[in-house]
Amino acid sequence: MSPNSILIIMFLGLTLFMFTGLPIAFVLGGLSLLITVTLWDPNALIIILLQIYDTMRSEALLGIPLYIFMAGILQRTGIIEELYQVMEIWFGRLRGGLAIGTVIICVLMAAMTGVVGAAVTAMALLAMPEMLKRGYKAELVTGTICASGTLGILIPPSILTIVYAVTAQVSIGKMLIAGIMPGLILAMLYISYILYVSYFKKGYVPQSLGNKVSFRIKILSLKGIIFPLLLIILILGSIFTGAATPTEAAAVGVVGAFLIGLSKRKLSLSGIQSASIETLKATAMILWITIGAKAYVAIFTGLGGADTLLNLIRNLDVHPYLILACMMVILIFLGTVLDEIGIILLTVPVFLPIVRLLGFDEIWFGVLYAITIQTGYISPPFGYTLFYIKGPLPQHLSMAAVYRGVLPYLSLQILALIICAAFPSLVTWLPNLMDKF
């Protein structure tokens, strides 16, 4: 059978099995097994075993359970509630202030945990009822929470970034640091949009301001952000300066989360146990997807699919940025139907040779990768974040309000993608600065 036929069969098979609703890990692993036995050679099954062994002994992947465990511990320390109180005190009297404060909290949560679901769920439970009660338009509330909650995909310590770096075999530390500036650009775009609708569009935010708070109370409230800032500095500072590897920084973060919990006296044995179980479940899911995806890509490459795709790209007489745009569109679509880990493990080994062929920077491409997956996460009707908010959504609001709310933020996501694509130095200057330390 020709490589072209194999390429078509593998992609059609993957698409067909994904729409059956089967878990992506079993789809990838089962399809790899089936294709190896039927289209290749049963003896080639050793390749799948080698991929499993390679995943099990990967030291770089150790950071993933540590960051997930850190997020679980932090969720039980009350630190998120304290952050919201601080933002309410400082931004409560600013028009659109609670929405702006929500964006800032999500930035801080992203820099502490890197877990998307945690930020969206926490803000839906804390910020959404308060903003709706004060008269914020439902679309602005839901859109702000959904979009800001996904910043954990970009801002380190991002689990997605680690998986990308391991898969692409680039520096994990540089890849993590590269997400800082694009993440802040997105946050600033969100805040700019909130300010615009607050001052130039009626009905989006309440006209009456909150109660006046003295400057002394504002200063005293800042103690609520001391622990989060220290934790962020410990994790990102140690990676940036090279004092610790990303995996070691994750261990430092876990210790820091424990110390925060102990100092606040809100960390119980049952809380640690439930955080451990959550970590075990999430890590097992990620590793099963990793094994399945690596097996699929190994078989895909071994049967000549990767070479066929590269030859196809070489023969195209189009601008490299047009090919890049096509890859981004594919990623946005996949972001609506697959989780981010599955997307990376499935597509990076296929896309990366194309990126190298076109002469693009791999770390810069990784950041564009993250932005497009983040865009897919808030894309109606199947974006993952839209379903994270569905549970805490008040009964009087329908999912239509969520869909309408995220549309402006989708435009901002695409704008940020264009900015980062047009000005690669925005992405690469911080990672390049790490070489000086």
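**Helix packing and buried positions**

A: Ala-250 is placed in helix H14, which spans residues 246-264. The model is a predicted one. With a relative accessibility of 0%, Ala-250 counts as buried, because buried means under 20% relative accessible area. Apart from neighbours within four places in sequence, the residues in contact with Ala-250 are Gly-63, Leu-66 and Tyr-67. Thr-77 lies 173 residues from Ala-250 along the chain, and the C-alpha atoms of the two are 18 Å apart.

Next, the packing of helix H6. Helix H6 covers residues 97-112 and packs against helix H13, residues 226-241, at an angle of about 45 degrees, the two axes being 9 Å apart. H6 and H13 are therefore oblique to each other. Their crossing is left-handed. On the H6 side, the contact is made by Leu-108, Ala-111 and Met-112, and on the H13 side by Pro-228, Leu-229, Leu-231, Ile-232 and Ile-235. Sorted by class, this contact of H6 with H13 holds eight nonpolar residues, with no polar and no charged ones.

H6 also packs with helix H8, residues 138-149: the axes of H6 and H8 come within 9 Å and cross at roughly 15 degrees. An angle under 35 degrees counts as roughly parallel, which makes H6 roughly parallel to H8. The crossing of H6 and H8 is right-handed, whereas that of H6 and H13 is left-handed. From H6, Ala-99, Thr-102, Val-103 and Cys-106 take part in the contact, and from H8, Thr-144, Ile-145, Ser-148 and Gly-149. By class, the contact of H6 with H8 has four nonpolar and four polar residues, and no charged ones.

Helix H22 runs over residues 425-433, and Val-427, Thr-428, Leu-430 and Pro-431 in it are buried. Viewed down the axis of H22, these buried residues fall within an arc of 155 degrees, so they line one face of the helix.

Conventions. Residues numbered from 1 in each chain as written. Predicted model: local features only at pLDDT ≥ 70, side-chain atom pairs only at ≥ 80, totals over all residues. Heavy atoms only, no water. Axes fitted to C-alpha atoms, helices over the stretch in contact; angles between N-to-C directions. Helix = DSSP H or I, 4+ residues; strand = E, 2+ residues; numbered from the N terminus. Parallel < 35°, antiparallel > 145°, perpendicular 65-115°, else oblique. Left-handed = near helix turned anticlockwise from the far one by under 90°. Contact = heavy atoms within 4.5 Å. Nonpolar A, V, L, I, M, F, W, Y, C, P; charged D, E, K, R; others polar. Buried < 20%, exposed > 50% of the residue type's maximum accessible area, 1.4 Å probe, protein only. Arc of directions from axis to C-beta.
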